[in-house]
Amino acid sequence: MSVTAIKGFNDILPRESGRWHHIEQAARRVFELNGFSEIRVPIMEKTELFSRSIGDATDIVEKEMYTFTDKGGNSVTLRPEGTAGVMRAFIEHKLHAQDPVARLYYLGPMFRYERPQKGRYRQFHQIGAEITGVHDPLADAQVLNMLVGFFREIGLDEPHLQINSLGCPDCRPVYRAALLEFLEGRLDQLCEDCRRRYSTNPLRILDCKVPRCIEATAGAPSVLDYLCAGCNEHFTGVRGYLESTGTPYAVNPRMVRGLDYYTRTTFEMVTGLLGSQSAVAAGGRYDGLISQLGGPSIPGIGFAMGLERVALLLGDQEFSHRPDLFIATLGGGERSFAFRLMHDLLSQGARVEMDYDGKSLKSQMRRADKLGARFSLVIGENEVTSGKAAVKRMEDGTQSEVPLVADAILKAIR
RNA sequence: GUGGCCAUGGUGAAGCGGUUAACACUUACGACUGUGACUCGUACAUACGAGGGUUCGAUCCCCUCUGGCCACCCCA
């Protein structure tokens, strides 16, 4: 057996790469339109960065990171998400000194040691965006509108926006206590996982899919009722901005996020089309993260979306490019003539192909058809001596005679 | 990490203990010695995920490993 790729690490083959370009280009277009600039950061960081930002007790840090010791004895980790590294760079290069309001986006591979499934891989790709330095809910709304706009841009209406507020370090503990109190008397009605969650991550119980848990928590207190004045005003502000732009959204007070650094606004773009991997993109506000990482006390908000999941939603649409012209040739001399002509046309931006191996004309025409060439052109002895050739429109088979020079051909295949 | 299902060529797949591993698609070439799509012909798995075992004999049975899918966990 020959060597294969690592489990959960996938190749993106030529037939799929067009779809990826489509997604990436749309993201860049939309994000840059919104004033975001790309930042490129390493895919490996000191382990400490992730344990400090994502949270020591989260599953990601506890059991999913690719962590190892390098030859210098340092503990390093393949990034499991993008925000931590971006904020590290933001602080390290003191970008806030120039302008505390930074709008950054990034894309690239992330790594999590999980059991692979559809839409979930050990190496996966995210495109994410972050705004720093803005407290106003306007930033939240811009990020959300941008995300919704992205999905419109690539022609998907499926993932729907859900938002919630997790409160801040002032009000979240109050809510947490209220929830624990509510759950305490109902522990025996909960599933095994939820009884465990009661001590590890009680908010997650609200997200449980087990019917009897859903039933038992039906009357559970809502985070939204426990928001402090500031958080409440903020959330109302976000909703107001979304409504003012007609952005469709749903409030889901049971939505929980897996990273510790989130405060106030959290959100997901969810779909029912990917099985249990329903979140295509997700994010939230992280007002404490930057200072927690040793930076100034400024807020941030951002999201990441999973490219594999977006690609799955796009399905098998074709995004490859078809040649404008295929040049078929009949002999050795004609081939070198055709090669020169192809070169001229290529340098003027036409997508042109010709046969490599001197196959039969029939084979060459079949190839032209298979590649989806819009036009074809046969060059034989007659054409070279007369300096003219018939350009054939593959779609309907009609031919028109043109001089064998790049300009005339370009005009004919326009 | 847990549970269930699955694993035949480039692809979709039939076969399910016994001499040539069906069929279709794809691909290549040809049917016109200068023209594609339709049609027709020809070719294309020393091989049934890998490694062991049972058997006179295994693609078909058993074990292990690897990989995939689904659910859980968790998450993008």
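Me: How many salt bridges does a search of the whole structure find?
Reply: A salt bridge is a side-chain nitrogen of Lys or Arg within 4 Å of a carboxyl oxygen of Asp or Glu. Side chains of opposite charge can pair when their charged atoms come close. A search of the whole structure finds 16 salt bridges.

Me: On what basis are the residues numbered and the values computed?
Reply: Residues are numbered from 1 along each chain as its sequence is written, while chains are lettered from A and ligands numbered from 1 in the order in which they are written. This is a predicted model, in which local features need pLDDT of at least 70, side-chain atom pairs count only at pLDDT 80 or more, and totals for chains, interfaces and linings use all residues; side-chain values use heavy atoms, with hydrogens and water left out.

Me: Which residue forms a salt bridge with Arg88, and how far apart are the closest N and O atoms?
Reply: Arg88 and Glu92 are four residues apart in helix α4, so about one helical turn separates them. Helices (H or I, at least four residues) and strands (E, at least two) are DSSP runs, numbered from the N terminus. The partner of Arg88 in the salt bridge is Glu92, and the closest N and O atoms are apart by 3.0 Å.

Me: Is Glu114 buried or exposed?
Reply: Glu114 is placed in the loop between β5 (103-111) and β6 (123-132). Its side chain meets that of Arg120 in a salt bridge (3.6 Å, N to O). Buried means under 20% relative accessible area, exposed over 50%, and partly exposed in between (1.4 Å probe, protein chains only). Because its relative accessibility is 16%, Glu114 counts as buried.

Me: What is the relative accessibility of Arg40, which forms a salt bridge with Glu38?
Reply: In the salt bridge of Glu38 with Arg40, the closest N and O atoms are 3.1 Å apart. Glu38 counts as partly exposed, at 27% relative accessibility. Arg40 counts as exposed, and its relative accessibility is 69%.

Me: What is the phi of Arg264, which is not a glycine?
Reply: Most residues other than glycine have a negative phi. Arg264 is found in strand β9 and counts as buried at 18% relative accessibility. Although Arg264 is not a glycine, its phi is positive, at about 50°.

Me: Which residue in β11 stands opposite Ala281?
Reply: Two strands pair if DSSP finds at least two bridges between them. Strand β9 (residues 263-270) pairs with β10 in the antiparallel sense over six bridges, and Ala281 in β10 is the bridge partner of Met269. β10 also pairs with strand β11 (residues 300-306), in the antiparallel sense over five bridges. The residue opposite Ala281 in β11 is Met305.

Me: What distance separates the centres of domain 1 and domain 2?
Reply: Domain bounds come from an automatic or database domain assignment. For chain A, this assignment gives domain 1 (14-171 + 227-314) and domain 2 (325-412). Taken over C-alpha atoms, the centres of domain 1 and domain 2 are separated by 49 Å.
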